[in-house]
Amino acid sequence: MAIATNPKRKTFSEEEESKAAAFIAKAGEQKTEGNRKPTMIRIPPELLKRIDEGARRLGISRSAFIVQSAAEKLERMGN
Amino acid sequence: MILTVGNLKGGVGKTTLAVNLTIAFAQAGRDVLLIDAEGTALGFTALRASNRGESGYTAVSLQGAAIRQQMKQLASKYEDIILDIGGEDASGSLRAAFTVSDIVLVPVEPRSFSLWRTEETLELINAARQINDRLRAIAILNEADYQGQDNKETLTALTALEGLEIAPLTIGRRKAFPNAAAAGLSVLEYKGDPKAADELQRLAAFLSSSLEYHSDIRT
């Protein structure tokens, strides 16, 4: 097998990191509401406040934040 | 090399290719890390280690934005990092992997649904190139049919997609892959099907050499 040399890794600027974070945070957002099922859940007010703050920091909706978090948890569980 | 095996479509053979390539690189003497976003490859690795005493590579579980964050530390510690990322664009794992990879290997079955989801995957890859302009996307026709026109038609359709390279080989729908996996082995170690082993070796060699030719873009 041909072997590739280990390429030099570049470091990223704060601006590049910010762009990457915004790109990653868009996961779970859909262009349309198709294939989405509205669900009512009960959340402790303090947690909801933290969710909204986290979503604000990522520049995404509360709904997208909750979807991403649930999807990540399921991945960690191997489901 | 940082290689993501990814496609938004599930069931196209991502984990199978990821673990087989990991073992192929490790057998070539490379220090390899396998990153698993959803647990299946870790399960395989545990079975392999249990059967053989050791797996021959390191495997960890990472999800979401942590994949990008951790890669800064991990990239210099391993010669090759292979990421097995499940379908769907819900958790951020696939996006994060695209922002740090040299190559995304996109397994495509010779089926219409697989082709359609590959087009959507390529849209996401193209968006990731705004962040990671070195990202190469290489489609591999996986679980190819033994006969009929579907392989050829799928490859023709893939050729029309901009920004997607096509691997110059295919991986057949061979029972050796699940049989080997059930024993914690790669097809290279499974004695029943030398053709499967040959296909995998050719894919590993192609991926290694294709990055070698383009490594100047990283410096």
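Is B:Glu79 buried, exposed or partly exposed? B:Glu79 is partly exposed, with a relative accessible area of 29%; buried here means under 20%, exposed over 50% and partly exposed in between (1.4 Å probe, protein chains only). The model is predicted: local features need pLDDT of at least 70, side-chain atom pairs count only at pLDDT 80 or more, and totals for chains, interfaces and linings use all residues. Residues are numbered from 1 along each chain as its sequence is written, chains are lettered from A in the order in which they are written, and side-chain values use heavy atoms, without hydrogens and water.

Chain A has three helices and zero strands, assigned as DSSP runs (helices H or I, at least four residues; strands E, at least two) and numbered from the N terminus. Its pattern along the sequence is α-α-α. Of its 79 residues, 22% count as buried.

Helix H2 of chain A covers residues 45-58. Its buried residues are A:Ile51, A:Gly54 and A:Ala55. The face turned away carries exposed residues, including A:Glu46, A:Lys49 and A:Arg57. Just after H2, A:Gly59 takes a positive phi of about 75°.

The partners are A:Arg62 and A:Asp52, at 2.8 Å, N to O. A:Arg62 lies in H3 and A:Asp52 in H2, 10 residues apart. Both are partly exposed, A:Arg62 at 40% and A:Asp52 at 30%.

In chain B, B:Glu79 forms a salt bridge with B:Arg30 (3.7 Å, N to O). The two sit in separate loops, 49 residues apart. B:Arg30 is buried, at 10%. A further bridge pairs B:Arg174 with B:Glu199 at 2.9 Å. B:Arg174 and B:Glu199 are both buried.

Chains A and B bury about 3000 Å² between them, 58% of it on carbon and sulfur atoms; this is the accessible area (1.4 Å probe) lost on being put together, summed over both. Chain A gives 28 residues to the contact and chain B 42. Two salt bridges link the chains. One of them joins A:Glu17 to B:Arg68, with the closest N and O atoms 3.0 Å apart.

Methods
The expected span of a helix is 1.5 Å times one less than its number of residues. Contact means heavy atoms within 4.5 Å. Buried area is the accessible area (1.4 Å probe) that two parts lose on being put together, summed over both. A salt bridge is a side-chain nitrogen of Lys or Arg within 4 Å of a carboxyl oxygen of Asp or Glu.
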